[in-house]
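Hello,

Here is the structure I promised to pass on. Please open it first, then read my notes below.

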Amino acid sequence: MSDVEKNEEKTEGGLTRKERMKIPRTPIPEQDAKERAKNFDEVALGYSADQAQMEAQRCLQCKNPKCIAGCPVGIDIPAFIKAIEEGDPAAAIAKLKETTSFPAVCGRVCPQEEQCELVCIVGKKNDPVAIGRLERYAADWEAEQGTSSKPEIAASKGKKVGVVGSGPAGVTCAGELAKMGYEVVIYEALHKPGGVLTYGIPEFRLPKAIVFRECEYVESLGVEIKTDYVIGKTMTVNDMLANGHDAVFIANGAGLPVFMNIPGENLNGVFSANEFLTRANLMKSYRFPEFDTPIKVGKKVAVVGGGNVAMDAARTALRLGADVHLIYRRSREEMPARAEEIHHAEEEGIQFHLLTNPTQIIGDNEGWVEEIECIQMELGEPDDSGRRRPVAVAGSEYRIPIDVVIMSIGTGSNPILTQATPELELNKWGNIVADEETGATSMEGVFAGGDIVTGAATVILAMGAGKIGARSIDRYLQGLPLKPEPEAAEAEVEETTA
Amino acid sequence: MYKILEKEDYSDDTYMQVIEAPAVAQSCQAGQFVILRLHEEGERIPLTIADFDREKGTITIVVQAVGKTTRELQTYGKGDSIANFIGPLGEPSEIEKVGTVICAGGGVGVAPIFPIARELKNAGNKVISIVAARTESLLLWEDKMREVSDEVIVTTDDGTCGRQCLVTDPLKEMCEAGGIDLVYAIGPAIMMKFCCKTTEPFGVKTIVSLNSIMVDGTGMCGACRVSVGGETKFVCVDGPEFDGHEVDFDLLMSRQRQYLEQEKIAYDYYLECRGDKACLT
Ligand SMILES: Cc1cc2nc3c(=O)[nH]c(=O)nc-3n(C[C@H](O)[C@H](O)[C@H](O)COP(=O)(O)OP(=O)(O)OC[C@H]3O[C@@H](n4cnc5c(N)ncnc54)[C@H](O)[C@@H]3O)c2cc1C
Ligand SMILES: Cc1cc2nc3c(=O)[nH]c(=O)nc-3n(C[C@H](O)[C@H](O)[C@H](O)COP(=O)(O)OP(=O)(O)OC[C@H]3O[C@@H](n4cnc5c(N)ncnc54)[C@H](O)[C@@H]3O)c2cc1C
Ligand code: FES
């Protein structure tokens, strides 16, 4: 079939490919940039039913879809979009939930432009189908109904699993295990569950009500979430194994803030993005003094970094009334943040200082930040990550008057748990060494996944790791080999289908 | 929720509470601390474990009311509950038999030094304690300290009880006399700073327990960072105890003042609003 013929052929929904290709990408309604710069309400408002159906019609329902492979957990994207096109959001959400536990979260925070939407076939000529927004639509539709479909829960297996950390990896793993019939307890160090989704990502990007709803959903499957429990302190991993847990899944994230080690970093007014965001999000200090925890914002804030964390810190400071300057050592193309966040940040009036790197922070007599000294950078040869390495331009230093600096240059792995568990093998960055296919660690019965294994990554990868962990723990507790032998796997499939 | 089983007021500004927290009591050791949060709008504040009972599953805290949260906690009595109580946090004290140890506690700093003195004594050390306060009404746990010390010296700034002098006077005299192998000093930053200044010329190792501002207390935010021996350390995970001769106390004290303005707003708002529930609506 020639391309022309293919384009004229009617697809299942009654539209031809050509007709589908003609529909422009449906913009998502958003709060006006000026307005939202002053509040913490969600920026993107979500599709209406009509908008979602219109956008769903843009999907070509490709015979060999690329998007599924582009999704780290392999969601059957054409299938859920088809259900939306057919006006059946219930079927769409059911399809999504076969693969992802938290579509309302992923639809909002996944870097779609680097995943499913990057490889979308429509995107070759036009804008790709807005897969993330459609995912969000289906999830929000379900939440509005107030009745979430509950999956079947297998008969009790009489075994107990402990999960460390209630971020996306831990919560996903716990949910999967509960469905398989295990008794599951999540131990969370903070006073609220959700991990980065709760303490890191701001309300205006991911409303906390959604995160808590997802956590409650997992609780409704029988999972118990114990907050205020620091594994490595309140109880160790060995204590868990000795006290009734048959297996343990470690998903304690990559929560250690990294500083630049430049002069002046301990001055008053210099914060890690983790501190700034934890105060704002977890402690709700944007509602101070109604909430007790204070936050220092200042008139002019410098945020150092170019990832999602930097964008979140910058946009939070902006909403608290500051004039915000983002300092990033590479160029815009190399910024690791989601495209949408960079776009939103610029729209809201964050000023970007690209190819710029801080060299020192200068304080006043009272120990408060007064200025930040920066140096111009230029791009040199590509480094290990394939991005061109920024090199300082000698003699180009200059100072910007500033009263708050937020360091957002990355996070490392928190040593509380691992130091208390010397049996766990770590790599040179302090991440737990775990088998990629199974999540198995160097300790018998102990599995790990998410940021603690990979280093700071994404929500969807953490969820994927949680799923893998659950599957392996199930096999481990049944006495099966963690990796099914190829033939054995086939036999197992036959057995279950027979 | 964590229930308050006992409450005792020591003065208008200082009080003791025994809190039911079995998991914390099970695993805590001398020198560690907890973080608590009173209610949904509350702040997380660190308090040192002043005593614990593994069998009863309780933790004892001794608090000086200095601002919003510690004043509000003061209004909580027996039978009330605290929303969150997390611990034990920080590294335990390193207890060894070294010989003669001075335990100098200033103000409410006496309470956190108590379990350390007890452990030091159990390890076979000779323990000389200095129990210091501004004035007699602020002196606390003298009796408890006597139980675990070979000798107790009481000092007040105004002479209302014991010797009229600063905690550093007897400390200096004993260092001069010699035979001191280790000093523990816990109290306000300024007191710890001067204790360290006093012992330094004698080369007597001095351990302090730092009270930097904290948020999570688990190494996740860096709010608690201090400079020790020229290196940045997180008090909540690397401490709270450090070699006092290496600590940059001026930086610690400067960082403690970081939120003075907001702390006043919070306190005024509390007096205006939380004291009067009608204001909340
Ligand atoms: C500000 C910010 C913005 C981000 N934006 C995006 C985005 O837009 N899209 C995206 O895909 N990704 C984003 N990420 C990355 C993403 O959030 C993480 O990759 C993901 O949350 C990792 O999940 P996790 O379950 O491994 O760990 P986490 O989410 O970090 O959860 C770990 C949990 O374990 C708890 N814990 C730690 N130590 C212990 C202990 N000893 N005992 C008990 N509990 C413990 C922690 O308190 C935490 O709740 C962002 C990250 C940050 C910080
Ligand atoms: C490891 C550690 C152990 C401590 N142990 C004790 C103890 O046993 N008994 C006791 O009375 N006090 C103790 N403190 C101090 C206590 O945490 C503060 O007095 C308390 O947080 C003050 O809160 P507030 O709202 O009442 O007063 P605020 O008005 O908010 O603050 C008064 C002063 O307390 C300090 N402070 C404020 N917020 C915090 C915070 N989140 N974390 C730490 N310090 C803060 C600041 O220096 C501030 O200027 C300890 C502190 C640390 C770090
Ligand atoms: S209090 Fe957050 S790192 Fe120490």
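**Ligand 1 and its surroundings**

An oxygen atom of ligand 1 sits 3.4 Å from a polar backbone atom of T458(A). Keep in mind that this is a predicted model.

How much of ligand 1 does the protein cover? On its own, ligand 1 has 1,000 Å² of accessible area, and the protein covers 94% of it.

The side chain of R205(A) has an N or O atom 2.8 Å from an oxygen atom of ligand 1. V196(A) uses its backbone instead: an N or O atom there lies 3.0 Å from an oxygen atom of the ligand.

The shell around ligand 1 holds 34 residues. V109(A), E188(A), R205(A), I231(A) and D451(A) are the closest. By class, 19 are nonpolar, 10 are polar and five are charged.

Three helices of chain A each give at least two residues to this shell: α12 (168–179), α17 (308–319) and α21 (459–477). The largest share, three residues, belongs to α17(A).

Now turn to chain B. Ligand 2 has 24 residues around it. The nearest are P46(B), T48(B), Q64(B), T69(B) and T70(B).

Which backbones make polar contacts with it? T69(B) has a polar backbone atom 2.9 Å from an oxygen atom of ligand 2. For Q256(B), a polar backbone atom is 3.1 Å from an oxygen atom of the ligand.

The shell around ligand 2 has 12 nonpolar, eight polar and four charged residues. β4 (44–48), β6 (58–64), α2 (68–74) and α9 (260–274) of chain B supply at least two residues each. β4(B) gives the largest share, five residues.

**One residue to look at: A83(B)**

A83(B) is in the loop between β7 (81–82) and β8 (84–89) of chain B. Is A83(B) buried or exposed? A83(B) counts as buried, because its relative accessibility is 17% and the cut-off for buried is under 20%.

Leaving out residues up to four places away in sequence, A83(B) touches M1(B), Y2(B), R37(B), L38(B) and H39(B), and also D228(A). Look at E40(B) too. E40(B) and A83(B) are 43 residues apart in sequence, yet their C-alpha atoms are 7.4 Å apart in space.

Best wishes

Terms used
Residues are numbered from 1 along each chain as its sequence is written. Chains are lettered from A and ligands numbered from 1 in the order in which they are written. This is a predicted model: local features need pLDDT of at least 70, side-chain atom pairs count only at pLDDT 80 or more; totals for chains, interfaces and linings use all residues. Side-chain values use heavy atoms; hydrogens and water are left out. A residue is near a molecule or strand if one of its heavy atoms lies within 4 Å of it. A polar contact is a pair of N or O atoms within 3.5 Å; within protein, one must be able to donate a hydrogen and the other to accept it, and residues adjacent in sequence count only if both atoms are side-chain atoms. Helices (H or I, at least four residues) and strands (E, at least two) are DSSP runs, numbered from the N terminus. Ala, Val, Leu, Ile, Met, Phe, Trp, Tyr, Cys and Pro count as nonpolar, Asp, Glu, Lys and Arg as charged, and the others, Gly among them, as polar. Buried means under 20% relative accessible area, exposed over 50%, partly exposed in between (1.4 Å probe, protein chains only). Contact means heavy atoms within 4.5 Å. Accessible areas come from the Shrake-Rupley method with a 1.4 Å probe; for residues, only the protein chains shown count as cover.
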